[in-house]
Structure formats: structure tokens, C-alpha cells
Amino acid sequence: MDEMKASTDKYKYITTAELRQHNTPSDLWISIQGKVYDVTQWLQHHPGGDLPLLSLAGQDVTDAFVAYHPPAAWPMLDRFYVAHLSDFHVSDVSREYRRLVADFSKGGLFHRKGHSASASLLLMAVLLATIVYGVLYTQSPAAHAACAMLMGIVWIQSGFLGHDSGHYNVMAQRCPGLNRAMQVLAGNCVTGISIGWWKRNHNVHHIACNSLDYDPDLQHIPLFAVSSKFFKSLTSVYYERRMVFDKFARFFVSYQHWSFYPVMCVARVNLFAQSIALLLSKTHVPNRWQEVLGVAFFWVWYPLLVSCLPSWGERVAFVLISFAVTGIQHVQFCLNHFSTEVYVGPPKGNDWFEKQTMGTLNISCPPWMDWFHGGLQFQVEHHLFPRLPRCNLRLISPLVKELCKKHRLPYSSYSFLEANKRTIATLRAAALQARDLANPVPKNLVWEAVNTHG
């Protein structure tokens with residue numbers, strides 16, 4: 001008994017309320033499995049960027065840590081230890097979620113990747129060779145249009161590959177440099193989108209899934225608003241600016257259910273702009289010159305290829321067609337979240353499982369269509385287990401569905417067509433509210449009730 005008391009006395013203990021006070025960039029503490037860590041000095045070195053840590057500062061972040069970090073990362077925590085949490089508590093759903101993570105790890109699912117990366121690379125190489133041949137050695141406008149469509153497919157597959165490589169090593173486990181090369185190749189060089197920008201944006205999206213003021217993937221003012229809460233001109237924590245809902249935003253949002261697909265056809269322009277803006281900013285970007293050179297390479301080869309077409313009409317058509325085809329992927333990004341539950345405020349570390357399931361939507365499809373969706377059809381599973389290779393998402397889906405049912409949490413899954421209908425319905429309902437000039441911030445909205453729990 002005395003030995004147990006002595007062992008307990010040697011630790012410093014703090015309460016959750018005290019932990020909550022350490023939530024600034026200059027004083028940032030987090031708790032994992034009942035232990036408290038001061039990660040202030042680690043903030044600028046965190047591989048996932050500073051924003052995930054800032055979003056969960058002063059909280060128990062065990063579930064988020066488990067989701068994003070392999071077992072090898074745990075020993076690194078010791079150097080940041082400062083205390084134990086005296087009122088540490090684990091909910092039933094978190095306990096079962098962590099057990100699933102442990103079971104998947106023991107079963108080798110996080111390392112069993114299949115051949116998706118190799119297949120994607122081979123497909124991209126064949127398609128790019130076909131495109132170059134078609135542009136340089138054929139004179140048919142129809143052939144050139146077909147090449148533009150193939151270019152869109154290359155960008156879609158490259159986007160899936162870049163997405164995967166940002167979450168886990170798609171290449172050999174012992175070759176992290178090869179995985180980084182894959183990221184720059186698939187993201188910067190082939191698509192012109194900075195993988196550094198994508199990781200910074202996407203990590204925040206995962207942590208703050210469907211928070212209107214924290215999740216950048218929902219912040220599309222003045223073009224789109226998925227909730228009437230945007231009518232209050234919320235401040236974006238990610239962009240560090242106020243999302244003003246003025247007369248221009250009201251006009252665009254009022255017709256967003258009509259403009260959605262046309263905008264998605266050229267949405268890639270926004271990704272280009274976001275990438276360049278980050279690379280030219282003072283924000284810390286790891287390996288900035290790799291990113292810059294990769295994006296610069298894209299802006300050499302793609303315009304050069306387009307310039308080889310025989311007329312300006314075909315050049316413009318080639319660009320628009322390639323953008324429109326890859327717009328399918330941008331639509332899917334929106335389907336996964338636009339019609340699910342949203343909230344205002346910072347994410348919480350102790351409701352990780354609940355927030356991920358409430359803010360995500362699956363696309364039901366047969367296995368032979370998995371290539372088309374690139375793993376994003378299992379968005380619930382992906383958000384809960386972001387390190388899990390896409391080839392294993394269908395395998396674990398029944399387990400996740402069972403856990404959601406047990407704890408009475410939503411597990412939303414719809415066909416591609418039905419998901420589109422729900423997204424358009426969400427946009428249309430918000431658009432009709434935005435048209436009410438006499439009531440700029442409508443209350444007691446039917447749409448808000450319809451979208452509760454996705």
C-alpha cells in the first residue's frame with residue numbers, strides 16, 4: 001500500500017480545468033491517455049502543421065492522436081511530459097474506438113496497402129503518354145477533346161494518390177524519401193497543386209470536421225453557404241479573416257444550387273490560387289523549394305502541351321474540358337460533407353468519434369466502382385482511421401457501422417445520385433433563406449432541422 005502511495009505521489013497532477021488554461025501558441029498543453037504534455041516548442045515542428053495542435057489546445061486529444069500517429073510515435077511524447085490528469089475519463093465509445101485501432105494495428109491493416117499506388121502510377125503514365133501522342137501527332141479536334149478528358153482523369157487519379165500519400169506511406173515503409181517524392185510528383189508536378197498546402201488544409205479539415213469557423217472545406221463565402229449560420233459573417237480561424245456575408249455574397253448564395261456544378265467545373269483554379277498564395281506567404285512550409293519547383297514544373301509542361309494544339313479555340317476547349325472532368329472529384333469532396341451536421345466553434349478532443357460520424361457521409365457503391373471514388377466513398381471510415389490504406393476501408397466498414405448503431409450515432413450512406421440530390425437540396429434551402437432580404441439571419445429554419453444528424 002505504501003509503495004503504491006509513493007508511486008502516486010511522485011507525479012504532479014492537474015485538473016481538466018487547469019489544462020484548459022494552457023491553450024495559446026505560447027503556452028500549449030495537451031493530454032493523451034491521462035498524461036499532460038507541453039508541446040509549445042514542438043508547435044512549429046509538428047509534421048501535421050501547427051493548426052491541428054492549436055485547434056485542440058488545452059484538451060484531451062487521445063482519440064485524434066491515436067487516429068493520426070502510429071505506435072512508433074508514442075515514445076516521443078516522454079520528452080514533453082509535465083503532469084498527469086487527475087480527472088481523466090474515457091467514454092464508452094472512445095474506449096471501443098481505441099480498441100478497434102489496436103485490433104487493426106495488430107492485424108497489420110495499417111501496413112497492408114495492396115497495389116493501388118503502383119496501379120495508379122502505371123495508369124497515369126499510360127494516360128499521359130496517350131495524351132502527349134494525341135496532341136502532337138493527331139489533327140482531329142475530337143481526338144484532342146478526348147485527350148483533354150483523359151487529362152482530367154489523370155488529375156483525378158493523381159489527386160487520389162496525393163491524398164493517400166499525405167495520410168500514410170504509399171511506397172515502401174522503409175523509404176520515406178520515396179513517399180515524399182511521390183507526394184511532390186502526384187501533387188505539385190502533375191496537378192500544379194502544392195502538397196504542402198493540401199496537407200495543411202486537409203489536416204485541419206479532419207481535426208475540425210464540419211466546424212463552420214474552423215474547417216476550411218466549408219468556407220466558400222461568397223459563393224456557397226451550407227448553413228444560415230454563415231449569414232452572421234463568421235470569422236475563419238484558418239484564413240484569419242471575417243467571412244463577410246454582404247450583398248454580393250447574398251446574391252451568389254441565393255443561386256448556389258444552380259451555380260454549384262458550373263463552379264465545380266473550374267474549381268481547380270481556386271486550388272491553384274491557394275497553393276501559390278501559401279508558397280508566396282510567410283507561413284512556414286516544410287521543404288518550400290521542393291514545393292515551388294514542383295508547381296513551377298507544372299506551369300511549364302501543361303501550358304507547353306496546350307500550346308501545341310493548332311488553334312486558340314482548341315486550346316481553350318482543352319483547358320475547359322480537362323478542368324470540367326476533374327470537377328467530378330471536386331463534387332465528390334462536397335458530397336461527403338455539405339449535407340451533414342455542422343456546428344460553430346472549436347473542435348473538442350473528447351467527442352472525436354461522434355463528430356467524425358456526424359460530419360461525414362459515405363457513397364454506397366459496388367466494389368468494382370471503388371476505383372472511381374478512390375476510397376472517398378468510405379468517408380466515415382476514412383475520417384475515423386485516416387492512416388488506413390483505402391484498400392482496407394471496405395473491409396472495416398461493417399465494424400464501424402456496428403459501433404455507430406450500438407452508440408446510436410449516424411452512419412450516413414447514400415448512392416452517388418442520392419448524395420448529389422441531398423447536396424443540392426441543402427444548397428437550395430440555404431439559397432432560399434438568403435433571398436429573404438427582410439430577415440438577413442433567419443431563425444427556426446426548417447432546413448436546419450432537416451439536416452440534424454446528417
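Entry 1: Asn-210 sits in the loop between H9 and E6, and its phi is positive, about 70°, although Asn-210 is not a glycine. In my labels, helices (H or I, at least four residues) and strands (E, at least two) are DSSP runs numbered from the N terminus.

I noted at this point that the model is predicted, that local features need pLDDT of at least 70 and side-chain atom pairs count only at pLDDT 80 or more, while totals for chains, interfaces and linings use all residues. Residues are numbered from 1 along each chain as its sequence is written, and side-chain values use heavy atoms, with hydrogens and water left out.

Two prolines of the loop between H9 and E6 also went into the entry. Pro-216 is found in this loop and is buried, at a relative accessible area of 3%. Which residues does Pro-216 touch, not counting those up to four places away in sequence? They are Asn-201, Val-204, His-205, Tyr-238 and Tyr-239, where contact means heavy atoms within 4.5 Å. I also took the C-alpha to C-alpha distance from Pro-216 to His-202, which is 8.4 Å at a separation of 14 residues in sequence.

**Entry 2: another positive phi.** Asn-287, which is not a glycine, has a positive phi of about 50° and is placed in the loop between H12 and helix H13 (288-307). Is Asn-287 buried or partly exposed? Asn-287 is partly exposed, with a relative accessible area of 43%.

**Entry 3: the second largest pocket.** I then turned to the second largest pocket, whose volume is about 1,000 Å³. Of the 48 residues in its lining, Trp-197, Asp-217, Leu-271, His-330 and Phe-333 are the closest to the centre. On a 1 Å grid over the protein atoms alone, a pocket is an open set of points with protein on both sides within 12 Å along at least five of seven lines, a cavity is a set where a 1.4 Å probe fits but cannot get out, and lining residues have an atom within 4 Å of a point. Grid points are joined across faces, edges and corners, and a volume is the space filled by probe spheres set on the points.

H9 gives the most to the lining of this pocket, with seven residues. By residue class the lining divides into 23 nonpolar, 22 polar and three charged; Ala, Val, Leu, Ile, Met, Phe, Trp, Tyr, Cys and Pro count as nonpolar, Asp, Glu, Lys and Arg as charged, and the others, Gly among them, as polar.

**Entry 4: cavities.** How many cavities of 30 Å³ or more does the structure hold? There are three, and the largest cavity has a volume of about 60 Å³. Its lining has 13 residues, of which His-163, Asp-164, His-382, Arg-390 and Leu-393 are the closest to the centre. Helix H7 supplies the largest share of that lining, three residues.

Entry 5: Gln-157 is in helix H7 and counts as buried at 6% relative accessibility. Leaving out residues up to four places away in sequence, Gln-157 touches Ser-120, Leu-123, Met-124 and Trp-371.

The largest nonpolar core has 41 residues, and among those with the most contacts inside it are Ile-30, Trp-352 and Val-400; such a core is a set of buried Ala, Val, Leu, Ile, Met, Phe, Trp, Tyr and Cys residues joined through side-chain atoms within 4.5 Å. A second, separate core has 37 residues, including Ile-131 and Phe-318.

**Entry 6: the record.** An unreviewed UniProt entry lists residues 11-86 as "domain: Cytochrome b5 heme-binding", with the caution that annotations may be inferred rather than shown by experiment. Over residues 11-86 the chain is 24% helix and 25% strand, and the end C-alpha atoms are 10 Å apart. The "transmembrane region" annotation in the unreviewed entry covers several stretches, among them 142-161 and 181-198. Residues 142-161 are 100% helix, with end C-alpha atoms 29 Å apart, and residues 181-198 are 83% helix, with end C-alpha atoms 15 Å apart.

Notes:
Buried < 20%, exposed > 50% of the residue type's maximum accessible area, 1.4 Å probe, protein only.
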